[in-house]
Amino acid sequence: MTSNNQQKALLLLRQALNNSTAEFRDGQWEAIEAITEYQSRLLVVQRTGWGKSFVYFLATRLLRDKGKGITLLISPLLALMRNQISAAERIGISAQTINSSNKEEKEEIENNLMAGKVDILLITPETLANEKFQENILLPDEEITDYFIHTAFPPEAHNQAVLAALNEAEDGLSVPMLEEKLNLTNGQINKVLKLLSIETPSPVKKIKSKYYATPINYQTGTEKIAKLTQIRYQEQARMRDYMEIQECLMQFLRKELDDPNPHPCGKCAICLGKPIFSENVSSKFVIKAVNFLRSSEQIIEPRKKWPKDGLSTYNFNGKISEDLRAEVGRSLSLWNDAGWGKLVKKGKYTDNHLTILAID
Ligand SMILES: [Zn+2]
């Protein structure tokens with residue numbers, strides 16, 4: 001029996017494809033139904049060209065029509081999705097993209113998001129990385145994940161400092177204005193504002209670039225935070241399990257995603273009983289790779305502007321003139337990388353001094 005929603009989805013599909021006789025492919029409607037009717041977590045594995053994007057778009061349309069929030073789509077292949085985005089627009093979905101090529105528009109897109117003008121936001125994994133989530137998801141490095149778990153929520157003192165400043169302000173404060181008033185970094189302030197903004201009801205409200213205090217008396221939900229932190233630690237433990245597990249890796253993932261019928265895939269390293277890629281690497285290549293890392297450098301751009309009112313006694317404001325500007329710096333390693341990173345880490349935390357390196 002076809003439900004009303006299925007009928008509606010089919011009409012939308014035809015509209016999106018500009019084809020009045022199009023039908024769903026096997027599994028497309030079932031996937032949309034699982035999300036829109038049963039709020040399931042769902043894993044769809046399909047070849048390129050099967051029409052996964054229609055699943056996202058139609059599910060988004062149906063959920064938006066029910067008054068639900070926006071869809072976040074993370075894909076490494078956004079550039080290849082242009083055609084699909086115009087298909088989405090044909091069914092009245094406002095799709096916006098944030099990637100490395102349109103950083104300037106980011107603020108405008110953020111404003112549209114806040115104003116509820118976006119239905120689906122497409123971002124690349126790199127963008128997600130910029131938001132500092134990358135380490136949590138892609139690099140199961142204990143120290144890094146521990147750090148992010150611990151600092152995911154701002155300390156209560158930061159929340160209260162920001163709220164007190166906003167309550168005192170006559171006409172709201174922007175982030176740079178908060179920076180001037182508080183002994184907190186830009187990152188710390190943004191974290192507080194992000195957390196407070198998603199509270200319902202929220203004690204802050206953003207209008208253009210300024211934040212205002214609302215009449216809500218905010219109390220941090222310490223229980224909620226403890227619970228979320230607990231979940232993060234459980235997830236971290238499951239990632240560790242995944243790396244050491246001796247059962248089919250796909251079966252493990254499917255169980256994690258609540259698949260009622262997980263079974264061995266027959267294709268992964270565990271099922272095959274041997275690594276998929278050879279683990280033997282010639283030492284020649286290792287040395288070459290380490291040398292490459294050791295001689296590659298990251299540029300450190302010097303500050304171009306004085307901190308606003310930061311050095312007012314000296315009358316330093318606005319642009320730093322060329323003659324006072326620092327030169328471009330170089331960083332020889334990234335934290336814990338395979339070049340100099342390990343040595344730097346050991347110097348900082350074990351030896352308490354940094355070994356002087358002779359660099360050609
Ligand atoms: Zn397997």
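Predicted model: local features only at pLDDT ≥ 70, side-chain atom pairs only at ≥ 80, totals over all residues.

Colleague: Does helix α16 itself, residues 341-351, lie largely in the open or is it largely buried, and why?

Modeller: Helix α16 lies largely in the open, because one of its 11 residues is buried.

Colleague: How should I describe two helices that pack together?

Modeller: In general, one gives the angle between their axes and the distance between those axes. Here, helix α2 (residues 28-36) and helix α3 (residues 52-65) have axes that come within 9 Å and cross at roughly 40 degrees, and they are therefore oblique to each other. The crossing in which α2 passes α3 is right-handed.

Colleague: Which residues make that contact?

Modeller: From α2 they are Q28, A31, I32, I35 and T36, while α3 supplies F54, V55, L58, A59, L62 and L63. Sorted by class, the contact of α2 with α3 holds nine nonpolar residues, two polar ones and no charged ones.

Colleague: How are α9 and α11 oriented to each other?

Modeller: The axes of helix α9 (residues 156-168) and helix α11 (residues 186-197) come within 10 Å and cross at roughly 85 degrees; α9 and α11 are therefore roughly perpendicular to each other. On the α9 side, H158, N159 and V162 meet Q188, I189, V192, L193 and L196 of α11, and the contact of α9 with α11 has five nonpolar, three polar and no charged residues.

Definitions and conventions:
Residues numbered from 1 in each chain as written. Buried ≥ 20, exposed ≤ 12 C-beta atoms within 10 Å, placed from the backbone. Helix = DSSP H or I, 4+ residues; strand = E, 2+ residues; numbered from the N terminus. Axes fitted to C-alpha atoms, helices over the stretch in contact; angles between N-to-C directions. Parallel < 35°, antiparallel > 145°, perpendicular 65-115°, else oblique. Left-handed = near helix turned anticlockwise from the far one by under 90°. Contact = placed C-beta atoms within 7 Å. Nonpolar A, V, L, I, M, F, W, Y, C, P; charged D, E, K, R; others polar.
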